[in-house]
Amino acid sequence: MAVDAARTEEGFTSARATRVMAAACRAAGLDGRGAKLIRLGENALFRLASAPVIVRVARGEEWLPTARTEVAVSLWLAEEGFPAARIIEDLEQPFLIEGHPVTFWHLIVEGDRKATYGELGGVLQDLHSLTVPDGLELPSFDPFDKQELRMERAVIPDDDKVFLRKRWRELHDKYAELKFETPKGPVHGDAHVQNLMVDDQGRVILIDFEAFCYDHPEWDLMVTSVEHHSLGWQTDEQYADFVAAYGRDLYDWHGYETLRGIQEFGMTTWLMQNVQEDEQTAAEYRRRIAGLRNDDAPRNWRPW
């Protein structure tokens, strides 16, 4: 109860994540001194100064099944020879530290360029062609996963919470009517180009498996399609490369508008978890919630 009370009182801040990371390193026999926080989102990501290791600290114990899936997926993709992030194999993972699942990953040494949208389309085509082995149990894709928790815990105005809960129910109703025609298979679940890294050998590597699941491939096409058609985050040429590499433009599908609503809602509720971190994050949240309140307004959202 003390851990739950402390987490509720303080929230998942960079300071708390740093303390959990340090304790996890001690439990794993690693040196967490000098570790650098490189991202605070659904997880806190740290790069160790003492070893080529990335530490992922999840928000709470509710994320423990997700962390277990991440470990299992990494081990499977390694067996397949698929270019993907690798778990530290000689540790029994995930750790559970003060109510936070923690995992340890091999550092990917980045090269001198970013992955392209054509490469993202190609990686997704390769991923979707894999066969999930019988021993690997993957969840179905849940487009509303953790969003109730986010709405409950977020430090946002009450009228925003009322609006978001209403929109959440509307999206549930639209999702219930959605008809897929594609077979199910392995799905990354958060397939944007920032979840690809190019290492110092020029290899394009897939990262971040917390939403990995067994479901319809449309969920992976949704992200880039919405980023382009709704948010304008890619040039026409970049998006054309993505479509050519994968072989399909989700915008032409009858379910696009429903998936667009789900994606934009998820992008907003993801960001609102960290509005207390700094004014820049809070301002971007206000920009996104204003966009959700007006479906026809231009989306001047910024990548995060």
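The largest cavity has a volume of about 50 Å³. This is a predicted model, in which local features need pLDDT of at least 70, side-chain atom pairs count only at pLDDT 80 or more, and totals for chains, interfaces and linings use all residues. Residues are numbered from 1 along each chain as its sequence is written, and side-chain values use heavy atoms, with hydrogens and water left out.

Start with the cavity search. Rolling a probe the size of a water molecule over the atoms shows where empty space is left. Here a cavity is a set of points, on a 1 Å grid over the protein atoms alone, where a 1.4 Å probe fits but cannot get out. Grid points are joined across faces, edges and corners, and the volume is the space filled by probe spheres set on the points. Across the whole structure, the search finds 1 cavity of 30 Å³ or more.

Which residues line the largest cavity? They are Asn43, Arg56, Val57, Ala58, Trp63, Thr66, Ala67, Glu70, Pro101 and Thr103. A lining residue has an atom within 4 Å of a point. By type, the lining divides into 5 nonpolar, 3 polar and 2 charged residues. In this scheme Ala, Val, Leu, Ile, Met, Phe, Trp, Tyr, Cys and Pro count as nonpolar, Asp, Glu, Lys and Arg as charged, and the others, Gly among them, as polar. Three elements each supply at least two lining residues: strand E3 (53-58), helix H3 (64-80) and strand E5 (100-106). Helices (H or I, at least four residues) and strands (E, at least two) are DSSP runs, numbered from the N terminus.

Now follow strand E3. Of its 6 residues, 6 are buried, so E3 is largely enclosed by the rest of the structure. Buried means under 20% relative accessible area, exposed over 50%, and partly exposed in between (1.4 Å probe, protein chains only). Val53, Val55 and Val57 point one way from E3. Ile54, Arg56 and Ala58 point the other way.

E3 has strand partners. Two strands pair if DSSP finds at least two bridges between them. Strand E2 (residues 43-47) pairs with E3 in the antiparallel sense over 5 bridges. A hairpin through 5 residues joins E2 to E3. Within this pairing, Leu45 has Arg56 of E3 as its bridge partner. E5 also pairs with E3, again antiparallel and over 5 bridges. There Arg56 stands opposite Thr103 of E5. Both Arg56 and Thr103 are among the residues that line the largest cavity.

The pairing extends to strand E1 (residues 36-40). E1 and E2 pair in the antiparallel sense over 4 bridges. The hairpin between E1 and E2 runs through 2 residues. In E2, Ala44 is the bridge partner of Leu40.

Next, the backbone. Most residues other than glycine have a negative phi, and most peptide bonds are trans. Where does this chain depart from that pattern? A cis peptide bond joins Gln93 and Pro94, with omega about 0°. Pro94 sits in the loop between H3 and strand E4 (95-97). Glu98 is not a glycine, yet its phi is positive, near 50°. Glu98 belongs to the loop between E4 and E5, and counts as partly exposed at 38% relative accessibility. Asp208 also has a positive phi, about 70°. Asp208 lies in the loop between strand E8 (204-206) and strand E9 (213-215). Asp208 is buried, with a relative accessible area of 16%.

Move on to helix H10 (residues 279-292), which contains Arg288. Is Arg288 buried or exposed? Arg288 counts as buried, at 2% relative accessibility. Its side chain has polar contacts, each a pair of N or O atoms within 3.5 Å; within protein, one must be able to donate a hydrogen and the other to accept it, and residues adjacent in sequence count only if both atoms are side-chain atoms. A polar atom of the Arg288 side chain lies 3.0 Å from the backbone oxygen of Met267. The backbone oxygen of Arg302 lies 2.8 Å from a polar atom of that side chain.

His254 is in the loop between helix H8 (236-246) and helix H9 (256-272). At 53% relative accessibility, His254 counts as exposed.

Last, the cysteines. Cys25 is buried, with a relative accessible area of 0%. Cys213 is also buried, at 1%. A disulfide is a pair of cysteine sulfur atoms within 2.5 Å. By this rule the count is 0 disulfides.

Conventions. On a 1 Å grid over the protein atoms alone, a cavity is a set of points where a 1.4 Å probe fits but cannot get out, and a pocket is an open set with protein on both sides within 12 Å along at least five of seven lines; lining residues have an atom within 4 Å of a point.
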